[in-house]
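Please open the structure in a viewer and keep the sequence panel at hand.

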Amino acid sequence: MRAYERLLNYVVIHTTSDEASSTVPSTKRQFDLANKLKDEMISLGIEDASVDSNCYVTGHIPASKGCESAPSIGFISHLDTSSDSSGENVHPIIHENYDGGDVELGNGLTLRAELFPHLKTLKGRTLITTDGTTLLGADDKAGIAEIMTMVEELTKNDIPHGRICIAFTPDEEIGHGAALLDLEKFGADFAYTVDGGAENEIEYENFNAAKAVFKIRGISVHPGDAKDKMVNAALIACEISSMLPSAETPAHTEGREGFFHLTDISGDVEKAEIAYIVRDHNPAFFEAREQTLLNIEKRINEKYGEGTVSLTLTEEYRNMIEKIRPHMHIVETAKRCILAQGVSPLEVPVRGGTDGARLSYRGLPCPNLGTGSYAFHGPFEHITAEGMDIATAVLCSIVKEYSKNNIRTKNASER
Ligand SMILES: [Zn+2]
């Protein structure tokens, strides 16, 4: 079975996660896909495949004969889809021998080659799109389909392999994807998330990230009698905003450039609040950004009196490169395997966080590999059957490489 055929089976199962929910998983419907995947894993020969009560699907393939000393490699994808767009009643449309031009999706939407310039490079392929009413769910059911197809290929073609550890996680789209993955039980020396992006992409850098909230206390006095008495909290919120560099916002930055992003501002004379997210790939620049905010807190309190403003800085996640760098063979091997499929590897610094970043900091170095999909989280999402074949071949090739190299990672002995 080709990977895209599996994808078509998975996307019809509604697995949207829900940020507002406090349960794990955030939506019960994610079990519908989890249970189906468990059955499929068993049918592919993964005897210990299971779904736990938190909706994590895991399974292991023991090393083939003679490869027992090869490292244990993990492959991880997520079950849920983003709530930014409906994931219910998905009707994928297959465009065989795609001409590289605009595609009428339905629902009055057109996938425009002008807006998505990579489309012309997909000419001649089998393009899979939505019907314009939902997202496609290739993020990240394409990753699941490619991992499953890799498993099938390994067995079918007797490809030598070390121990393989597989996990399909819930709730990645709401930032909880890897939180409850039992790493001891998973037992990988290192892993790859297979999640989004072109089939030649490899990602091992992401933002350092923090949230910053200034709470401001003002003094309210009748405006007619306010001279030298009133402290207007809302105006101080505006003042704080003006103290940050106006060009260092998401709308003015790209690549590895960091920013302060104002996410919320509210208030009146008596009290106000101004919230930011702070992002930077470079750890020194990131700390300098945090220091800038602390300096603003100090400066405002000096000007208007101690206790006028209080800043809460909450760190969210860190750049995984710090944890990947001691194990660069994970990245180098993947790059070689991408190249072996006749495409040039593309290294992309992620302007966000990934499950892999969180796992890397929990002790499992975990870069991300592309699945061949584009334009996630909305009705323009699309992928090609051939891109999925390449992504699957990259996974098989990685497994094969490590089976002969027998690279025991430092990480394995550390844990
Ligand atoms: Zn994803």
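Is Cys-55 buried or exposed? Cys-55 has a relative accessible area of 0% and is therefore buried. Please note before going further that the model is predicted. Cys-55 is located in the loop between strand S1 (50–51) and strand S2 (57–61), and its phi is near 80°, a positive value in a residue other than glycine.

Select Asn-89 next, in the loop that joins strand S3 (73–78) and strand S4 (93–95). Here too phi is positive in a residue other than glycine, near 55°. Asn-89 counts as exposed because its relative accessibility is 54%, the cut-off for that class being over 50%. As background, most residues other than glycine have a negative phi, and most peptide bonds are trans.

**Two cis peptide bonds**

Move to Pro-25, in the loop between helix H1 (3–11) and helix H2 (30–43). The peptide bond leading from Val-24 to Pro-25 is cis, with omega near -5°. A further cis bond runs from Asp-139 to Asp-140, with omega near 10°; Asp-140 belongs to helix H3.

**The zinc ion**

Select the zinc ion together with His-78, Asp-139 and Asp-195, which coordinate the ion at 2.0 to 2.7 Å. His-78 contributes NE2, whereas Asp-195 is listed with two OD donors. Along the chain, the donors follow the spacing H-x60-D-x55-D. Asp-139 in helix H3 (residues 138–156) and Asp-195 in the loop between strand S9 (190–194) and strand S10 (201–203) are 56 residues apart, and the pair links distant parts of the chain. Both aspartates, Asp-139 and Asp-195, are buried. Why is the arrangement around the zinc ion irregular? The four donor atoms subtend angles of 52 to 141°, which makes it so.

**Helix H6**

Select residues 283–304, which form helix H6: its 22 residues reach 32 Å from the first C-alpha to the last, close to the 32 Å expected at 1.5 Å a residue. Now colour the buried residues of H6, among them Phe-286, Leu-293, Ile-296 and Ile-300. Viewed down the helix axis, the buried residues fall within an arc of 125°, so they line one face of H6. In general, an α-helix has 3.6 residues a turn, so residues three or four places apart point the same way. The face turned away from the buried side carries the exposed residues Phe-285, Lys-298 and Glu-302. Show what covers the buried residues of H6, including helix H5 (233–242) and strand S13 (271–280).

Then inspect the ends. Asn-282 caps the N-terminal end of H6, with a side-chain oxygen 2.8 Å from the backbone nitrogen of Ala-284. Just after H6, Gly-305 takes a positive phi of about 110°.

Go to Arg-351, in the loop between strand S15 (346–347) and helix H9 (355–361). Arg-351 counts as partly exposed because its relative accessibility is 33%. Its side chain makes a polar contact with the side chain of Thr-253 at 3.0 Å.

Finish at Val-331 in helix H8 (residues 329–339), which counts as buried because its relative accessibility is 0%. Leaving aside neighbours within four places in sequence, Val-331 is in contact with Ile-202, Tyr-204, Ile-324 and Pro-367. The C-alpha atoms of Val-331 and Glu-203 are separated by 8.6 Å, although these residues are 128 residues apart along the chain.

Methods: Residues numbered from 1 in each chain as written. Predicted model: local features only at pLDDT ≥ 70, side-chain atom pairs only at ≥ 80, totals over all residues. Heavy atoms only, no water. Helix = DSSP H or I, 4+ residues; strand = E, 2+ residues; numbered from the N terminus. Expected span 1.5 Å × (residues − 1). Buried < 20%, exposed > 50% of the residue type's maximum accessible area, 1.4 Å probe, protein only. Arc of directions from axis to C-beta. Contact = heavy atoms within 4.5 Å. Polar contact = N/O pair within 3.5 Å; in protein donor to acceptor, adjacent residues only side chain to side chain. Donors = N, O, S within 2.8 Å, 3.2 Å for Na, K, Ca; no water. Tetrahedral: all angles 85-135°; square planar, octahedral: opposite > 155°, others 65-115°.
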